[in-house]
Amino acid sequence: MVDIQSKRTPPPVAERVPAIRWVRDNFFSSAWNTLLTILIVFVLFEAVPAFFEWGVLNAVWGAQDHTSCRSEEAGACWAVIAEKHRPMLFGLFPYEEHWRLLVALIIFISVICITLSRRFWNVKILAPLWIANLGICSLLMWGGLFGLPYVDTQQWGGLPLTMVLFTGTVVFGMPVAVLLALGRRSHMPGIKATCVTFIECMRGVPLITILFVAVNVFPLFLPQGLEFDVMVRVMVGMAIFFACYQAEVIRGGLQAITRGQYEAAEALGLGYWQMMIRIILPQALRVCLPGIVNHIIAAFKNTSYVLIIGLFDILSATTAVMQDPLWRLFTIEAYLFVALVYFIFCFALSKYSQNVERWLDEGRR
Amino acid sequence: MENLKSSASSQKHERLVIELTGVNKWYGDFQALVDINMSVRRSERVVVCGPSGSGKSTMIRCINRLEVHQRGRIVVDGIELTDNLKNIEAIRSEVGMVFQSFNLFPHMPVIDNLTLAPMLVRKMPKKDAEELAMQYLERVQIPEQAFKYPGQLSGGQQQRVAIARSLCMQPKIMLFDEPTSALDPEMIKEVLDVMIELAEDGMTMIVVTHEMGFAKTVADTMVFMDAGEIVESADPSKFFTAPDNPRTKLFLSQILTH
């Protein structure tokens, strides 16, 4: 098959590694590796079948009441989720109004999915979509119109509360983070000093403290009669905390952009904001995308801190529900369910960010 | 402003478009530019040469305020360079610059690299900007690369895109800061050819380069810099055959004999 005229030959066929050699190379290549392999196999051998037996084989999937979960041979009591999922997912929201939250949640998550897919990246589609989305979801959650009973934000809870806090944190936090990062690199000493002080002060304090201040201390400084909803205060506190961490990530990205990019933009006559928005930030955000997503995922889980100021997100709602003496033995199962919910959202975010990275690499070496 | 309008039509060769008077610049204690005096007429082609670290790049970067001079006056197209941001932006949109390292925007295709500034700075409609961009891409002979990303082009192609990008702002003056120094030898010619063509069309140009063949072809004036000073400024026939200054002689002997 080889053409004698040409010295070019096809690339060598990939060598097929026999299974035994593959196992030896990957699991038993040294004494230390062999030891680790044996140890891990032992742990898996002990844990996996036991968990399977507990979680699947002997599990109680549905039950009339808690007694069937209490028998000697019963494993995991998944029935607790069937029994308690509504207060877990929707918190203190009036029971007969839960359908409103479900509808709001479905609409909200669908709109987010639409927003995240590239096909719909067009202001003419997204702007009206979001206005409608926010309008409908606010109506469903607050009510007070069209015969829907009014529900105070203090009664909001569960997964919708988590979603509201999370999206609020990211949507308000990201622009602030960008501004702080740019400010910290500003040549104007006043702006730079302000941003540095702000970032360092906020990063130096636990989130719980910030929430506590936002909820309990901040109102003391407001003039009489002026009052912000507790939800707004919490969201602002979380957004600021998020922004300070994110600003440092973005600053790292900004530092990766060469001076030549700034100079080329300046030499073309672009103003500061034109240069930043069109040239510098798109590249900088691309560089630090993994770090940005990391903090966004952290922000999703940080919403559970609202527990300490008396709001019931999905985690604290579950804790509260599990005080029920009939079911409190099965708290672990309930928490595993909550963990699964968190995992689904965080994993989706992480997968999505991998997609974004791939899109941004398209057409480039 | 009066001068600006009349300049284009009448007395092309009389009007000074760039004037540097007693320009000094320091980096900390190090004096990078020492009493630079230079003037450039409309359509004049000035080639600046000199050993590395002699202040050539610093000087031309002062002309569009990428570097800030600390003493002296720089007047470009009738506008003096001061801290006034409006003036700086006005001058930058009239002065194109080509860099040694191309500095294309890697996150956007070639066509967007070209249309960006006309659309943002000149407020040109997208369609017109794209037409203009294709026109200049044809002029630098790579219209077929319009929708590729800069990273997919060769060095020579990238530098030609960079030249086209500057030209899309329809500048009155072009500055070239060692445009061929980062290129592989076989790509230097394609870039120099574009620059020669530009010179033939009457563009006012200041070029920092070590390409003496190019200098001989296009330069109206040769400037030799050393240690932050302009040592010699002469027309090329005199400069290459009978330079006045011994430092110029030494430099030329080093650069021309290797």
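Colleague: What makes D201(B) count as exposed?

Modeller: A reminder before the answer: this is a predicted model. D201(B) has 53% relative accessibility. Exposed means over 50%, so D201(B) counts as exposed.

Colleague: Why is the contact between R139(B) and D201(B) called a salt bridge?

Modeller: The closest N and O atoms of R139(B) and D201(B) are 2.6 Å apart. The cut-off is within 4 Å, so the pair is a salt bridge. The pair links distant parts of the chain. R139(B) sits in helix α5 of chain B, and D201(B) in the loop between α7 (185–200) and β8 (204–208), 62 residues apart.

Colleague: And why is R139(B) called partly exposed?

Modeller: The relative accessible area of R139(B) is 27%. Buried needs under 20% and exposed over 50%, so R139(B) falls in between.

Colleague: What makes K127(B) and E131(B) a salt bridge?

Modeller: The N to O distance is 3.7 Å. That is within 4 Å, so the label holds. Both residues lie in helix α5 (residues 126–139) of chain B, 4 residues apart, about one turn of the helix. K127(B) is exposed, because its relative accessible area of 60% is over 50%.

Colleague: Now chain A. How do you know that R203(A) and E200(A) form a salt bridge?

Modeller: Their closest N and O atoms are 3.1 Å apart, and the limit is 4 Å, so they qualify. R203(A) and E200(A) share helix α7 (residues 189–203), 3 residues apart.

Colleague: Are those two buried or partly exposed?

Modeller: R203(A) has 29% relative accessibility, and E200(A) has 34%. Buried means under 20% and exposed over 50%, so R203(A) and E200(A) are both partly exposed.

Colleague: Which residues are linked with them in a network?

Modeller: Salt bridges link R184(A), E200(A), R203(A), E248(A) and R251(A) in a network. The search of the whole structure finds 26 salt bridges over all chains.

Colleague: What is the secondary structure of chain A, and how do you know that the chain is more spread out than a compact globule?

Modeller: Chain A has 14 helices and 1 strand.

Colleague: How many of its residues count as buried?

Modeller: Of the 365 residues of chain A, 39% do.

Terms used. Residues numbered from 1 in each chain as written. Chains lettered and ligands numbered in written order. Predicted model: local features only at pLDDT ≥ 70, side-chain atom pairs only at ≥ 80, totals over all residues. Heavy atoms only, no water. Helix = DSSP H or I, 4+ residues; strand = E, 2+ residues; numbered from the N terminus. Buried < 20%, exposed > 50% of the residue type's maximum accessible area, 1.4 Å probe, protein only. Salt bridge = Lys/Arg side-chain N within 4 Å of Asp/Glu carboxyl O.
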